[in-house]
Amino acid sequence: MTDTLYYVYMKWTPPADPASASNAGRNIMTFRSRQDADEFFRFCLTATDNKGLGKNLLFSEINREGPQLWSYNNSPYAGTSWELPRYMIQWFPQWAPICMPMLLNDWAGRVWNIIPNQAHSDWTNGAALFIRNKQVTSEYWYYQSDHIWISTTGRTKFIIRATAFKNDDPQVLIRDDKVTIELAEKASTTNPLYVVPSTTDSKLIFSSVPYEWAFKDLFYSFGTESVTDSGVTHFHVIRSPGTCVVWDLV
(Lines give C-alpha, C1' and ligand atoms only; values in the text may rest on other atoms or scores of the structure.)
Protein backbone atom coordinates (compact mmCIF):
# COMPACT_ATOMS: atom_id res chain seq x y z
CA MET A 1 0.00 0.00 0.00
CA THR A 2 1.22 3.48 -0.83
CA ASP A 3 1.16 5.71 2.24
CA THR A 4 -0.10 9.27 1.81
CA LEU A 5 0.22 12.07 4.35
CA TYR A 6 -3.09 12.49 6.14
CA TYR A 7 -4.34 15.49 8.10
CA VAL A 8 -6.72 15.91 11.04
CA TYR A 9 -7.97 18.93 12.97
CA MET A 10 -7.83 18.16 16.71
CA LYS A 11 -9.71 20.77 18.75
CA TRP A 12 -9.63 21.37 22.50
CA THR A 13 -13.19 21.89 23.77
CA PRO A 14 -13.31 22.46 27.58
CA PRO A 15 -17.02 22.88 28.42
CA ALA A 16 -16.31 25.16 31.39
CA ASP A 17 -14.11 27.60 29.43
CA PRO A 18 -15.85 28.66 26.18
CA ALA A 19 -13.48 31.64 25.66
CA SER A 20 -10.42 29.39 25.59
CA ALA A 21 -12.29 26.80 23.55
CA SER A 22 -12.94 29.36 20.83
CA ASN A 23 -9.42 30.80 20.77
CA ALA A 24 -6.89 28.14 21.75
CA GLY A 25 -6.06 24.50 21.37
CA ARG A 26 -6.56 24.15 17.63
CA ASN A 27 -4.15 21.59 16.20
CA ILE A 28 -3.36 20.16 12.81
CA MET A 29 -2.14 16.59 13.17
CA THR A 30 -0.06 15.34 10.23
CA PHE A 31 0.06 11.54 10.02
CA ARG A 32 2.01 9.15 7.85
CA SER A 33 -1.27 7.62 6.66
CA ARG A 34 -4.97 7.52 7.45
CA GLN A 35 -4.53 4.14 9.11
CA ASP A 36 -1.91 5.64 11.44
CA ALA A 37 -4.31 8.48 12.31
CA ASP A 38 -7.09 6.09 13.30
CA GLU A 39 -4.67 4.00 15.35
CA PHE A 40 -3.53 7.14 17.19
CA PHE A 41 -7.18 8.00 17.92
CA ARG A 42 -7.80 4.54 19.38
CA PHE A 43 -4.60 4.89 21.45
CA CYS A 44 -5.79 8.21 22.88
CA LEU A 45 -9.04 6.64 24.06
CA THR A 46 -7.17 4.60 26.66
CA ALA A 47 -3.90 6.57 27.12
CA THR A 48 -3.02 6.95 30.80
CA ASP A 49 -0.63 9.06 32.82
CA ASN A 50 2.68 7.77 34.13
CA LYS A 51 2.38 9.34 37.59
CA GLY A 52 -0.73 7.36 38.40
CA LEU A 53 0.92 4.07 37.44
CA GLY A 54 -1.16 3.93 34.29
CA LYS A 55 -4.48 4.23 36.09
CA ASN A 56 -5.65 7.71 35.07
CA LEU A 57 -6.93 8.57 31.61
CA LEU A 58 -5.29 11.59 29.97
CA PHE A 59 -8.41 12.53 28.00
CA SER A 60 -11.69 13.03 29.82
CA GLU A 61 -13.27 12.75 26.38
CA ILE A 62 -12.19 12.49 22.80
CA ASN A 63 -14.77 12.49 20.00
CA ARG A 64 -14.83 12.03 16.26
CA GLU A 65 -16.94 14.77 14.74
CA GLY A 66 -15.75 13.28 11.46
CA PRO A 67 -12.73 11.33 10.22
CA GLN A 68 -10.71 14.56 9.96
CA LEU A 69 -12.18 16.53 12.85
CA TRP A 70 -11.66 15.38 16.42
CA SER A 71 -12.53 17.21 19.63
CA TYR A 72 -11.12 16.53 23.07
CA ASN A 73 -10.95 17.65 26.66
CA ASN A 74 -8.05 16.77 28.92
CA SER A 75 -8.50 15.07 32.28
CA PRO A 76 -7.07 16.60 35.49
CA TYR A 77 -4.28 14.03 35.28
CA ALA A 78 -2.91 15.34 31.98
CA GLY A 79 -1.16 18.29 33.64
CA THR A 80 -1.75 20.45 30.57
CA SER A 81 -4.69 21.77 28.60
CA TRP A 82 -4.69 22.71 24.92
CA GLU A 83 -1.13 21.44 24.40
CA LEU A 84 -2.01 17.83 25.22
CA PRO A 85 -1.57 16.58 21.59
CA ARG A 86 2.02 17.86 21.57
CA TYR A 87 2.76 16.27 24.92
CA MET A 88 1.32 12.97 23.72
CA ILE A 89 4.18 12.73 21.23
CA GLN A 90 6.69 13.61 23.95
CA TRP A 91 5.30 11.12 26.48
CA PHE A 92 4.74 8.33 23.98
CA PRO A 93 7.73 8.55 21.58
CA GLN A 94 6.58 5.55 19.54
CA TRP A 95 4.25 8.00 17.77
CA ALA A 96 6.98 10.54 16.95
CA PRO A 97 7.88 9.05 13.52
CA ILE A 98 4.19 8.73 12.62
CA CYS A 99 2.52 11.93 13.85
CA MET A 100 3.48 15.61 13.82
CA PRO A 101 1.19 18.03 15.74
CA MET A 102 1.13 21.75 14.98
CA LEU A 103 -0.68 24.30 17.15
CA LEU A 104 -2.74 26.72 15.05
CA ASN A 105 -3.99 30.25 15.66
CA ASP A 106 -3.40 30.05 19.40
CA TRP A 107 -5.17 33.25 20.58
CA ALA A 108 -4.84 34.55 16.99
CA GLY A 109 -1.06 34.15 17.10
CA ARG A 110 -0.54 31.63 14.30
CA VAL A 111 -1.70 31.24 10.71
CA TRP A 112 -4.76 29.02 10.23
CA ASN A 113 -4.06 26.33 7.64
CA ILE A 114 -6.76 24.61 5.58
CA ILE A 115 -6.33 20.85 5.27
CA PRO A 116 -7.46 18.89 2.20
CA ASN A 117 -10.63 16.80 2.35
CA GLN A 118 -9.18 13.27 2.26
CA ALA A 119 -11.92 11.13 3.83
CA HIS A 120 -15.28 10.46 2.21
CA SER A 121 -16.56 8.13 4.95
CA ASP A 122 -15.55 7.25 8.49
CA TRP A 123 -14.20 3.70 8.86
CA THR A 124 -16.22 2.75 11.91
CA ASN A 125 -17.54 -0.58 13.08
CA GLY A 126 -20.67 -1.58 11.14
CA ALA A 127 -20.26 1.07 8.43
CA ALA A 128 -21.65 0.27 4.99
CA LEU A 129 -18.97 1.23 2.46
CA PHE A 130 -18.13 1.02 -1.20
CA ILE A 131 -14.68 -0.37 -2.01
CA ARG A 132 -12.89 1.25 -4.92
CA ASN A 133 -9.49 1.33 -6.57
CA LYS A 134 -7.57 4.20 -4.98
CA GLN A 135 -5.53 4.81 -8.12
CA VAL A 136 -8.30 4.23 -10.70
CA THR A 137 -11.22 5.74 -8.83
CA SER A 138 -13.84 4.68 -11.37
CA GLU A 139 -13.31 0.99 -10.48
CA TYR A 140 -15.49 -0.47 -7.71
CA TRP A 141 -16.17 -3.86 -6.18
CA TYR A 142 -19.41 -5.20 -7.63
CA TYR A 143 -21.34 -8.26 -6.46
CA GLN A 144 -22.66 -10.53 -9.20
CA SER A 145 -23.11 -14.30 -9.54
CA ASP A 146 -21.51 -15.09 -6.16
CA HIS A 147 -18.25 -13.34 -7.06
CA ILE A 148 -16.82 -9.85 -6.69
CA TRP A 149 -16.12 -8.19 -10.00
CA ILE A 150 -14.53 -4.88 -10.89
CA SER A 151 -17.01 -2.48 -12.45
CA THR A 152 -16.97 1.10 -13.70
CA THR A 153 -20.77 1.25 -13.98
CA GLY A 154 -22.00 -0.61 -10.89
CA ARG A 155 -20.95 -0.71 -7.27
CA THR A 156 -21.89 -2.70 -4.18
CA LYS A 157 -21.83 -1.72 -0.51
CA PHE A 158 -20.24 -3.98 2.07
CA ILE A 159 -20.61 -3.81 5.86
CA ILE A 160 -17.35 -4.09 7.80
CA ARG A 161 -17.83 -5.35 11.38
CA ALA A 162 -15.16 -5.95 14.00
CA THR A 163 -15.66 -9.27 15.74
CA ALA A 164 -14.49 -7.86 19.09
CA PHE A 165 -17.17 -5.13 19.22
CA LYS A 166 -20.93 -5.16 19.53
CA ASN A 167 -22.77 -4.26 16.34
CA ASP A 168 -23.85 -0.88 17.73
CA ASP A 169 -20.37 0.09 19.03
CA PRO A 170 -19.12 2.85 16.67
CA GLN A 171 -15.40 2.26 17.27
CA VAL A 172 -13.08 3.37 14.52
CA LEU A 173 -11.48 0.35 12.86
CA ILE A 174 -7.72 -0.13 12.83
CA ARG A 175 -5.51 -2.47 10.85
CA ASP A 176 -5.17 -5.23 13.45
CA ASP A 177 -8.91 -5.52 14.11
CA LYS A 178 -10.47 -8.83 13.10
CA VAL A 179 -13.46 -8.14 10.88
CA THR A 180 -16.14 -9.71 8.73
CA ILE A 181 -17.06 -8.33 5.30
CA GLU A 182 -20.79 -8.64 4.72
CA LEU A 183 -22.93 -7.92 1.66
CA ALA A 184 -24.94 -4.86 2.75
CA GLU A 185 -28.05 -5.70 0.72
CA LYS A 186 -28.38 -9.01 2.57
CA ALA A 187 -27.41 -7.78 6.05
CA SER A 188 -30.95 -7.27 7.34
CA THR A 189 -32.31 -10.51 5.89
CA THR A 190 -32.44 -14.06 7.24
CA ASN A 191 -29.81 -15.07 4.68
CA PRO A 192 -26.75 -12.83 5.16
CA LEU A 193 -23.79 -13.31 2.85
CA TYR A 194 -20.15 -12.85 3.83
CA VAL A 195 -17.01 -12.46 1.74
CA VAL A 196 -14.83 -15.56 2.16
CA PRO A 197 -11.81 -17.01 0.37
CA SER A 198 -12.44 -19.84 -2.07
CA THR A 199 -11.07 -23.23 -1.03
CA THR A 200 -10.16 -24.14 -4.62
CA ASP A 201 -8.53 -20.98 -6.01
CA SER A 202 -7.69 -17.39 -5.12
CA LYS A 203 -11.13 -15.91 -5.86
CA LEU A 204 -13.28 -14.20 -3.25
CA ILE A 205 -16.69 -15.83 -2.98
CA PHE A 206 -19.70 -15.63 -0.65
CA SER A 207 -20.93 -17.81 2.17
CA SER A 208 -23.61 -17.73 4.86
CA VAL A 209 -20.83 -18.52 7.35
CA PRO A 210 -18.74 -15.48 8.44
CA TYR A 211 -15.01 -15.47 7.75
CA GLU A 212 -12.63 -13.52 9.95
CA TRP A 213 -10.30 -11.19 8.03
CA ALA A 214 -7.93 -8.59 9.40
CA PHE A 215 -9.04 -5.05 8.59
CA LYS A 216 -5.61 -4.49 7.04
CA ASP A 217 -6.42 -7.16 4.43
CA LEU A 218 -8.56 -4.54 2.70
CA PHE A 219 -5.38 -2.54 2.07
CA TYR A 220 -2.72 -5.22 1.63
CA SER A 221 -4.22 -8.50 0.46
CA PHE A 222 -6.67 -8.16 -2.44
CA GLY A 223 -5.79 -7.92 -6.11
CA THR A 224 -7.54 -8.58 -9.43
CA GLU A 225 -7.44 -11.31 -12.05
CA SER A 226 -8.73 -11.18 -15.61
CA VAL A 227 -11.32 -13.53 -17.10
CA THR A 228 -12.14 -13.59 -20.81
CA ASP A 229 -15.60 -14.74 -21.86
CA SER A 230 -16.82 -14.61 -25.48
CA GLY A 231 -13.98 -12.27 -26.33
CA VAL A 232 -14.78 -9.85 -23.50
CA THR A 233 -12.33 -9.45 -20.61
CA HIS A 234 -13.59 -8.88 -17.08
CA PHE A 235 -11.75 -8.65 -13.78
CA HIS A 236 -12.68 -10.21 -10.48
CA VAL A 237 -11.20 -9.66 -7.02
CA ILE A 238 -8.79 -12.27 -5.67
CA ARG A 239 -6.78 -12.84 -2.53
CA SER A 240 -3.33 -11.76 -3.58
CA PRO A 241 -1.02 -10.64 -0.74
CA GLY A 242 2.10 -8.93 -2.02
CA THR A 243 0.61 -7.98 -5.40
CA CYS A 244 -2.51 -6.23 -4.18
CA VAL A 245 -4.34 -3.25 -5.59
CA VAL A 246 -4.50 -0.19 -3.31
CA TRP A 247 -8.17 -0.02 -2.26
CA ASP A 248 -10.11 2.79 -0.61
CA LEU A 249 -13.31 2.57 1.45
CA VAL A 250 -15.84 5.30 0.58
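Trp-141 has a relative accessible area of 0% in this predicted model and is therefore buried. Phe-158 likewise counts as buried, at 0% relative accessibility. The ring centres of Trp-141 and Phe-158 lie 5.7 Å apart with their planes at 80 degrees, so the pair is edge-to-face. Trp-141 belongs to strand β7 (residues 140-144) and Phe-158 to strand β9 (residues 157-162), and the pair links parts of the chain 17 residues apart.

The whole structure contains 19 aromatic pairs. Another of edge-to-face geometry joins Phe-40 and Trp-95, at 5.3 Å centre to centre and 80 degrees between the planes. Because Phe-40 lies in helix α2 and Trp-95 in the loop between α3 and β5 (99-104), this pair ties together parts that are 55 residues apart in sequence. Phe-40 is buried at a relative accessible area of 0%, and Trp-95 counts as buried at 9%. Both residues belong to one aromatic cluster, which also includes Phe-31, Phe-41, Phe-43, Trp-70 and Phe-92.

The charged end of Arg-155 sits over the ring of Tyr-140, 4.0 Å from its centre, and Arg-86 lies over the face of Tyr-87 at 4.6 Å from the ring centre.

For the chain as a whole, there are 4 helices and 16 strands, and 50% of the 250 residues count as buried. Of the contacts between residues at least 6 apart in sequence, 57% join residues at least 24 apart.

Key:
Residues numbered from 1 in each chain as written. Predicted model: local features only at pLDDT ≥ 70, side-chain atom pairs only at ≥ 80, totals over all residues. Heavy atoms only, no water. Helix = DSSP H or I, 4+ residues; strand = E, 2+ residues; numbered from the N terminus. Buried < 20%, exposed > 50% of the residue type's maximum accessible area, 1.4 Å probe, protein only. Contact = heavy atoms within 4.5 Å. Phe/Tyr/Trp six-rings, centres within 6.5 Å; stacked < 30°, edge-to-face > 60°. Lys NZ or Arg CZ within 6 Å of the ring centre and 35° of its normal.
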